[in-house]
Amino acid sequence: MAVTILKKLILIILGIGGGTVISGAVFAFITIIGVVPRLAEKTKTTSHIVFYENAIIAGGIFGAFTIFVDYYIPIGVIPAIIFGLLIGIFYGCLAVSLAEVLNVIPILSRRTMLYRGIKYFIIALALGKAIGAMLYYFADGFYSI
């Protein structure tokens, strides 16, 4: 009996420690690539940057909480679509920020000799990602529970 409690305690400590390290790394990554300050600058809302940072931290805590607790929030279809759209916008901003920090677009345009029409290339990438995500969730055979 005491051995199983000790094993569970060790697993709890390792889980909390591992989660803390990973979440710290994710927050550091988001900070390093400058998603929050850049979005605040582009939207001219730099006075609310503390709110943005607190929202990211609260989202991380809520995300960790959702792993352990099975819950259902009956918000309906339209709010779920809006929520999904906002999450997609955030991930898109994160991906573009990462690509910008790593200079992916300039390197890609030099190597492929694509100098004109780069904006159409980026739009095509975004549309391809959106269509792929919709196929994944809405077309039979792509996703199963």
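Visitor: What does the protein average for pLDDT?
Guide: The average is 78, and 93% of the residues score at least 70; pLDDT is the predictor's confidence in each residue, from 0 to 100. This is a predicted model, where local features need pLDDT of at least 70, side-chain atom pairs count only at pLDDT 80 or more, and totals for chains, interfaces and linings use all residues. Residues are numbered from 1 along each chain as its sequence is written, and side-chain values use heavy atoms, with hydrogens and water left out.

Visitor: Where is confidence lowest and where is it highest?
Guide: Lowest is helix α5 (residues 104-112), with a mean of 73, and highest is helix α3 (residues 49-68), at 81. Helices here are DSSP runs (H or I, at least four residues), numbered from the N terminus.

Visitor: OK, α1 next. How far apart are its end C-alpha atoms?
Guide: They are 47 Å apart, which agrees with the 46 Å that the 32 residues of α1 (residues 2-33) should span at 1.5 Å a residue. The expected span is 1.5 Å times one less than the number of residues.

Visitor: And what comes just after α1?
Guide: Gly34, with a positive phi of about 75 degrees.

Visitor: Which residues make up the largest nonpolar core?
Guide: Five of them: Ile30, Ile33, Val35, Val36 and Leu94. A nonpolar core is a set of buried Ala, Val, Leu, Ile, Met, Phe, Trp, Tyr and Cys residues joined through side-chain atoms within 4.5 Å, and buried means under 20% relative accessible area, exposed over 50%, partly exposed in between (1.4 Å probe, protein chains only). Helices α1 and α2 (35-42) each supply at least two residues of this core.

Visitor: What is Leu94 in contact with?
Guide: Ile30, Ile33 and Val35, leaving aside neighbours within four places in sequence; contact means heavy atoms within 4.5 Å.

Visitor: Switching to the loop between α2 and α3: is Thr45 buried or exposed?
Guide: Thr45 sits in that loop and counts as buried, at 19% relative accessibility. Lys44 is in the loop too, but Lys44 is exposed at 73%. Lys44 also has a positive phi of about 60 degrees, although it is not a glycine.

Visitor: What joins the side chains of Thr45 and Tyr52?
Guide: A polar contact of 2.6 Å, meaning a pair of N or O atoms within 3.5 Å; within protein, one must be able to donate a hydrogen and the other to accept it, and residues adjacent in sequence count only if both atoms are side-chain atoms.
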